[in-house]
Amino acid sequence: MSRKNQKAPWEEEEEIIWVSKSEMKRDMEALQKLGEELVELKPNALAKIPLDEDMLEAIKDAQRFKNEARRRQLQRIGKLMRQVDPEPIQAALDKLRNKHSQATAELKKLEQKRDKLIENGDSMINAILVDHPHADRQRLRQLVRQASKEKAQNKPAKAYREIFQVLKELYLED
């Protein structure tokens with residue numbers, strides 16, 4: 001008698017990984033959501049994401065469609081997403097989002113620097129001039145005095161905002 005579908009006793013058995021239908025559905029919905037995020041992107045951001053031509057064309061179509069056609073196209077994108085590796089796409093999306101949060105963090109640092117500048121005056125201006133010797137000392141001192149005066153008199157913070165713009169030019173254009 002022959003043993004057609006049985007392995008020899010010395011061969012290792014393969015472990016079968018069982019995936020529930022619900023888990024497969026969740027995975028497909030996650031891929032469809034990733035596709036929806038791609039559809040929401042602007043063309044210049046979309047160009048930075050590694051996509052094949054079919055996927056790119058489907059995304060551009062979905063951006064043009066409305067209502068039911070858009071829903072069906074999003075489902076098609078979800079189906080196409082199952083055929084590609086979503087890891088590089090997700091990594092590129094995360095990188096785009098992080099760039100936004102990095103810019104926000106830099107602006108918050110500039111706001112803190114502006115507040116220190118108004119509090120400390122000349123000592124902080126000297127520190128800025130060490131980093132940026134081309135900065136206009138007289139203009140900074142004038143703005144700091146003006147911002148302090150505005151704050152003391154409860155006037156609109158025009159100089160306060162102008163200091164921020166000057167700092168933004170100095171630090172973010174380097």
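Student: Into which domains is the protein divided?

Tutor: This is a predicted model. The protein is divided into domain 1, residues 22-84, and domain 2, residues 105-173. The C-alpha centres of domain 1 and domain 2 lie 45 Å apart.

Student: What makes up the secondary structure of the protein?

Tutor: The count is eight helices and zero strands. Along the sequence the pattern reads α-α-α-α-α-α-α-α.

Student: How much of the protein counts as buried?

Tutor: Of the 174 residues, 26% count as buried. The protein exposes about 13,500 Å², and carbon and sulfur atoms supply 49% of that area.

Student: Why is Q73 called buried?

Tutor: Buried means under 20% relative accessible area. Q73 has 9%, so Q73 is buried. Its place is in helix α4, residues 67-81. Not counting residues up to four places away in sequence, Q73 touches A58, D61, A62 and F65.

Student: Is I125 buried or exposed, and how do you know?

Tutor: Use the cut-off of under 20% again. I125 has 1% relative accessibility, so I125 counts as buried. I125 lies in helix α6, residues 122-131. Leaving aside neighbours within four places in sequence, I125 is in contact with L117, R137, L140, R141 and V144.

Student: How far apart are I125 and Q75 in space?

Tutor: They are 57 Å apart, C-alpha to C-alpha. In sequence I125 and Q75 are 50 residues apart.

Student: Why is K149 called exposed?

Tutor: Exposed means over 50% relative accessible area. K149 has 55% relative accessibility, so K149 counts as exposed. K149 lies in helix α7, residues 137-152. K149 and A159 are ten residues apart in sequence, and their C-alpha atoms are 9.5 Å apart.

Student: What makes the phi of N67 worth a remark?

Tutor: Most residues other than glycine have a negative phi. N67 is not a glycine, yet its phi is positive, about 50 degrees. N67 is found in helix α4.

Student: Is N67 buried or exposed?

Tutor: The cut-off for exposed is over 50%. N67 has 70% relative accessibility, so N67 counts as exposed.

Student: What phi does N154 have?

Tutor: N154 has a positive phi of about 55 degrees, although N154 is not a glycine. Its place is in the loop between α7 and α8, with α8 covering 158-172. At 71% relative accessibility, against a cut-off of over 50%, N154 counts as exposed.

Student: What share of the contacts with a separation of 6 or more joins residues 24 or more positions apart?

Tutor: The share is 58%.

Student: How far apart are the mean positions of the positive and negative charges?

Tutor: The protein has 36 positive and 32 negative charges. Their mean positions are 7 Å apart.

Terms used: Residues numbered from 1 in each chain as written. Predicted model: local features only at pLDDT ≥ 70, side-chain atom pairs only at ≥ 80, totals over all residues. Heavy atoms only, no water. Domains from an automatic or database assignment. Helix = DSSP H or I, 4+ residues; strand = E, 2+ residues; numbered from the N terminus. Buried < 20%, exposed > 50% of the residue type's maximum accessible area, 1.4 Å probe, protein only. Contact = heavy atoms within 4.5 Å. Areas by Shrake-Rupley, 256 points an atom, 1.4 Å probe, with all protein chains shown as cover. Lys, Arg positive; Asp, Glu negative; His and termini not counted. Charge placed at Lys NZ, Arg CZ, Asp CG, Glu CD.
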